[in-house]
Amino acid sequence: MTVTLQKVETEIIEILMEMTADWDLDVEQIQPQTSLVEELEFASIDYVHLVVEIEEHFQRKLDFSELILRDGKYVSDISVQELVNFVTRKLNQD
């Protein structure tokens, strides 16, 4: 069954809103262009928490190393859109 980009985007934004609900952020609304580190102030442990939440939500293990490693180096930040594109692509594989 194919999942749509819009469905994944809506569900990931919901997950992010729940995760950050108690955080004191200047961001009023999480959008596709929102960056996880710069705008949502994600730390390493928050990435781990997010990965667990996404994998539990979609009931599937995803290899997030493909998203956070480029040319053997960790990326410093990713946008919600990059995350959504990655998750959608992984869910539609197989």
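Lys90 is found in helix α4; helices (H or I, at least four residues) and strands (E, at least two) are DSSP runs, numbered from the N terminus. Lys90 counts as buried because its relative accessibility is 9%. Buried means under 20% relative accessible area, exposed over 50%, and partly exposed in between (1.4 Å probe, protein chains only). Leaving aside neighbours within four places in sequence, Lys90 is in contact with Arg60, Leu62, Asp63 and Glu66, where contact means heavy atoms within 4.5 Å.

Val87 also has its place in helix α4. With a relative accessibility of 0%, Val87 counts as buried. Its contacts, leaving aside neighbours within four places in sequence, are Val8, Ile12, Ile54, Phe58, Leu62 and Phe64. Val87 and Ile30 are 57 residues apart in sequence, and their C-alpha atoms are 17 Å apart in space.

## The model and its confidence

This is a predicted model, in which local features need pLDDT of at least 70 and side-chain atom pairs count only at pLDDT 80 or more, while totals for chains, interfaces and linings use all residues. Residues are numbered from 1 along each chain as its sequence is written, and side-chain values use heavy atoms, with hydrogens and water left out.

The pLDDT is the predictor's confidence in each residue, from 0 to 100. The protein chain has a mean pLDDT of 93, and 99% of its residues reach 70 or more. Where pLDDT is low, the predicted coordinates should not be read in detail.

## The annotated span

The UniProt annotation "domain: Carrier", from an unreviewed entry, covers residues 7-91. UniProt positions are given in the numbering used here, feature names are shortened, and annotations may be inferred rather than shown by experiment. In the model, residues 7-91 are 53% helix and 5% strand, and the end C-alpha atoms of this span lie 12 Å apart.

## Aromatic rings

A search of the whole structure finds three aromatic pairs. Phe42 and Tyr47 form an edge-to-face pair, at 5.6 Å centre to centre and with 70° between the planes. Rings of Phe, Tyr and Trp (its six-membered ring) pair if their centres lie within 6.5 Å; planes under 30 degrees apart count as stacked, over 60 as edge-to-face and the rest as tilted. Both Phe42 and Tyr47 are buried. Ring pairs link these two residues and Trp23 into a cluster.

## The largest pocket

The largest pocket has a volume of about 240 Å³. Of the 13 residues that line this pocket, Ser44, Tyr47, Val48, Val51 and Ile68 are the closest to its centre. The elements that give two or more residues to the lining are α2 (44-58) and α3 (65-68). The most comes from α2, with five residues.

On a 1 Å grid over the protein atoms alone, a pocket is an open set of points with protein on both sides within 12 Å along at least five of seven lines, and lining residues have an atom within 4 Å of a point. A volume is the space filled by probe spheres set on the points, which are joined across faces, edges and corners.

## Two loop residues with positive phi

Glu41 lies in the loop between α1 (5-20) and α2. Glu41 is not a glycine, although its phi is positive, about 60°.

Asp71 is found in the loop between β1 and β2 (73-74). Asp71 has a positive phi of about 55° and is not a glycine either. Asp71 counts as exposed because its relative accessibility is 81%.

Terms used: On a 1 Å grid over the protein atoms alone, a cavity is a set of points where a 1.4 Å probe fits but cannot get out, and a pocket is an open set with protein on both sides within 12 Å along at least five of seven lines; lining residues have an atom within 4 Å of a point.
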